Amino acid sequence: MGVKVRIGIDIDDTLTDIKDKINISAYEYALKLNKKVSFYNEEIDSYENLYKKHYKLTDEEIVFFISNIHEQITNEVLPRKGVKEIIEKLKNDGHTIFIITSRSFKYHSDPYTLSKEWLDRNHIKYDKLIVNAVDKVEVCKDEKIDIFIDDMLDNCIKLSENGIFTI
């Protein structure tokens, strides 16, 4: 058997593919609020900043959108093709899987249950679920993560700068 590693994996837009559906829903929500939507060709480091920059949503509007519309989308979305099988193979090979998400109490009444139920419903195997991971570098250091898989370039850069291999 080879080297066993501790693998951290994000949920939203990593295990799932929700970006387009979220963007369409945010756009429609902003239009209903008569917002002047603008788009930038730049990497956004969080959904919150995306909603502020692109859709001109206020903090209150963001809380409503994420707590209601965004949460419904994340509940209903299916895993990306092959995700379940790849994670199962990694687990069977003896690697430890950590699901690490920034889903937080700021926007969700119970981000742990929201995430756990989605993972269980979709038969995603894992060893530990961590929510409210706003600072993924700190969480990954605390959990001694060797490899982290995330869709946010900013997270990958920060993790890589702190010695954690990223995909």
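## Strand pairing

In this predicted model, strand β4 (residues 147-149) runs parallel to β5 and is joined to β5 by two bridges. Within this pairing, I147 lies opposite F165 of β5.

The two strands belong to an open sheet of five, ordered β3-β2-β1-β4-β5, with parallel pairing. The edges are taken by β3 (128-130) and β5 (165-166); each has a single partner strand, so one side of each has no neighbour in the sheet.

## Packing of α3 and α5

Helix α3 (residues 59-76) packs with helix α5 (residues 111-121) at an angle of about 25°, and the two axes are 9 Å apart. Angles under 35 degrees count as roughly parallel, and α3 and α5 are therefore roughly parallel to each other.

From α3, the contact involves E71, T74 and N75; from α5, L114, W118 and R121 take part. By residue type, the contact of α3 with α5 comprises two nonpolar, two polar and two charged residues.

## Aromatic pairs

Four aromatic pairs are present in the structure. In one of them, the ring centres of Y51 and F65 are 4.9 Å apart and the planes stand at 75°, so the pair is edge-to-face; planes over 60 degrees apart count as such. Y51 belongs to helix α2 (residues 47-53) and F65 to helix α3, 14 residues apart, and the pair thus links distant parts of the chain. Y51 and F65 are both buried.

Y51 and F65 also belong to a cluster linked by ring pairs, together with Y29, Y55 and F64.

Technical notes: Residues are numbered from 1 along each chain as its sequence is written. This is a predicted model: local features need pLDDT of at least 70, side-chain atom pairs count only at pLDDT 80 or more; totals for chains, interfaces and linings use all residues. Side-chain values use heavy atoms; hydrogens and water are left out. Axes are lines fitted to C-alpha atoms, for helices over the stretch in contact, and angles run from 0 to 180 degrees between N-to-C directions. Helices (H or I, at least four residues) and strands (E, at least two) are DSSP runs, numbered from the N terminus. Angles under 35 degrees count as roughly parallel, over 145 as roughly antiparallel, 65 to 115 as roughly perpendicular and the rest as oblique. Contact means heavy atoms within 4.5 Å. Ala, Val, Leu, Ile, Met, Phe, Trp, Tyr, Cys and Pro count as nonpolar, Asp, Glu, Lys and Arg as charged, and the others, Gly among them, as polar. Two strands pair if DSSP finds at least two bridges between them. Rings of Phe, Tyr and Trp (its six-membered ring) pair if their centres lie within 6.5 Å; planes under 30 degrees apart count as stacked, over 60 as edge-to-face and the rest as tilted. Buried means under 20% relative accessible area, exposed over 50%, partly exposed in between (1.4 Å probe, protein chains only).
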